[in-house]
Amino acid sequence: MEEMIPVEGSTWLHHNGAVYKVMLIANADPRRLEEYPVTVVYQGVLNGKIWARKLTDWHRSFTFVE
């Protein structure tokens, strides 16, 4: 896998200025990547909403904070 997988509990800044914490990494089985792509599950620090985004799209919108 080429992209760096975010660490659970790490903090990231979205390009819109919102801050998110990574909750978990889903679908991390390398044998089934085509059927179930690696997905980052993350939560808004301010509003608590939970989102999920494919790892292949993650780094286009987020910058690592801590």
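Visitor: Is Val 7 buried or exposed?
Guide: Val 7 counts as exposed, at 59% relative accessibility. Buried means under 20% relative accessible area, exposed over 50%, partly exposed in between (1.4 Å probe, protein chains only).

Visitor: Where is Val 7 found?
Guide: In the segment before strand S1 (11–14). Strands (E, at least two residues) and helices (H or I, at least four) are DSSP runs, numbered from the N terminus.

Visitor: What should I know about the model itself?
Guide: It is a predicted model: local features need pLDDT of at least 70, side-chain atom pairs count only at pLDDT 80 or more, and totals for chains, interfaces and linings use all residues. Residues are numbered from 1 along each chain as its sequence is written, and side-chain values use heavy atoms, with hydrogens and water left out.

Visitor: On to the sheet. What is the strand order?
Guide: S4-S3-S2-S1-S5, five strands in an open sheet with antiparallel pairing. Two strands pair if DSSP finds at least two bridges between them.

Visitor: Which strands stand at the edges?
Guide: S4 (50–54) and S5 (62–64). Each has a single partner strand, so one side of each is left without a neighbour in the sheet.

Visitor: How many bridges join S2 to S3?
Guide: Six, and the two strands run antiparallel. Tyr 20 stands opposite Gly 44 in S3.

Visitor: Now the core. Which residues make up the largest nonpolar one?
Guide: Ten residues: Trp 12, Tyr 20, Val 22, Ile 25, Val 38, Val 40, Tyr 42, Leu 55, Trp 58 and Phe 62. S2 gives the most, with three residues. A nonpolar core is a set of buried Ala, Val, Leu, Ile, Met, Phe, Trp, Tyr and Cys residues joined through side-chain atoms within 4.5 Å.

Visitor: How many aromatic pairs are there?
Guide: Seven. Rings of Phe, Tyr and Trp (its six-membered ring) pair if their centres lie within 6.5 Å; planes under 30 degrees apart count as stacked, over 60 as edge-to-face and the rest as tilted. Trp 12 and Phe 64 are edge-to-face, 5.3 Å centre to centre with 70° between the planes. Trp 12 lies in S1 and Phe 64 in S5, so the pair ties together parts 52 residues apart in sequence.

Visitor: Are those two buried or exposed?
Guide: Trp 12 counts as buried, at 2%. Phe 64 is partly exposed, at 47%.

Visitor: What about Trp 58 and Phe 62?
Guide: They are stacked: 3.9 Å centre to centre, 10° between the planes. Trp 58 is buried at 0%, and Phe 62 is buried at 5%.
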